[in-house]
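Hi,

As promised, here is the structure we talked about passing on.

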Amino acid sequence: MLALYSFSAVPKNGVNRLNPALPVWIVITTYFAILFGSALIIAFPVKVDELAHLSVIRAQFEHSALFPDWSRYVLLREDDPARWSTEDIEPVIVKPDP
C-alpha cells in the first residue's frame, strides 16, 4: 500500500515530507466520489433520452447513408414509437442542383 506520509527513522533535512503521489490520490478519490454520488442522485434511464437513441437507430436503419444529413433527423412519437413525430406533416424533398 502506498503510504501518504513518510515516517522514516531519519527524516531528510529533519522534515517529514508528504508523498508526491498525494495530489494524484486526492484527484482520483474526488473523481470517484463525484461519479458514484451523481450515479445515486440522477434518475436513469430517462425516457426522452432513450427516445432520441431509438430515433437515430431507426432512421439509420431506414435510410442508411455514409454521410447522413443530421438536420433532417426527427424523433419518434412518444405515444406511438412506430411512427415519426412529423408523420402528419408533408415531407419536404430537396433535390440537388445539376
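**What I found**

Phe32 and Phe36 sit four residues apart in helix 1, so about one helical turn separates them. Helices here are DSSP runs of H or I with at least four residues, strands are runs of E with at least two, and both are numbered from the N terminus.

Before going further, the ground rules: this is a predicted model, where local features need pLDDT of at least 70 and side-chain atom pairs count only at pLDDT 80 or more, while totals for chains, interfaces and linings use all residues. Residues are numbered from 1 along each chain as its sequence is written, and side-chain values use heavy atoms, with hydrogens and water left out.

Back to those two rings. Two rings of Phe, Tyr or Trp (for Trp, the six-membered ring) count as a pair if their centres lie within 6.5 Å; planes under 30 degrees apart are stacked, over 60 edge-to-face, and the rest tilted. The structure holds two aromatic pairs. One is Tyr31 with Phe32, edge-to-face at 5.2 Å centre to centre and 75° between the planes. The other is Phe32 with Phe36, which is stacked, with 6.1 Å between the centres and 25° between the planes. Tyr31, Phe32 and Phe36 together form one aromatic cluster.

The cut-offs are under 20% relative accessible area for buried, over 50% for exposed and partly exposed in between, using a 1.4 Å probe and protein chains only.

The cluster residues also turn up in a nonpolar surface patch of about 690 Å², made by Val24, Trp25, Ile28, Tyr31, Phe32, Leu35 and Phe36. Patches take residues with over 30% relative accessible area and no salt bridge, joining nonpolar side chains (Val, Leu, Ile, Met, Phe, Trp, Tyr) within 5 Å and like charges within 9 Å. Areas come from the Shrake-Rupley method with a 1.4 Å probe, and for residues only the protein chains shown count as cover. Trp25 lies in helix 1, which covers residues 22-41, and counts as partly exposed because its relative accessibility is 41%.

Now for the charged side chains. A salt bridge here is a side-chain nitrogen of Lys or Arg within 4 Å of a carboxyl oxygen of Asp or Glu, and that rule gives two of them. In the first, Glu62 bridges to Arg58, with the closest N and O atoms 2.8 Å apart. Why are they about one helical turn apart? Because Glu62 and Arg58 are four residues apart in helix 2. Glu62 is partly exposed at 36%, and so is Arg58 at 24%. In the second, Asp79 pairs with Arg77, the closest N and O atoms being 3.2 Å apart; Asp79 is exposed at 61%.

Ala52 is in helix 2, residues 47-62, and is partly exposed at 30%.

Finally, the whole chain. It has two helices and zero strands, and 7% of its 98 residues count as buried. The accessible surface comes to about 9,000 Å², with 69% belonging to carbon and sulfur atoms. Among contacts (heavy atoms within 4.5 Å) with a separation of 6 or more, 19% come from residues 24 or more positions apart.

Cheers
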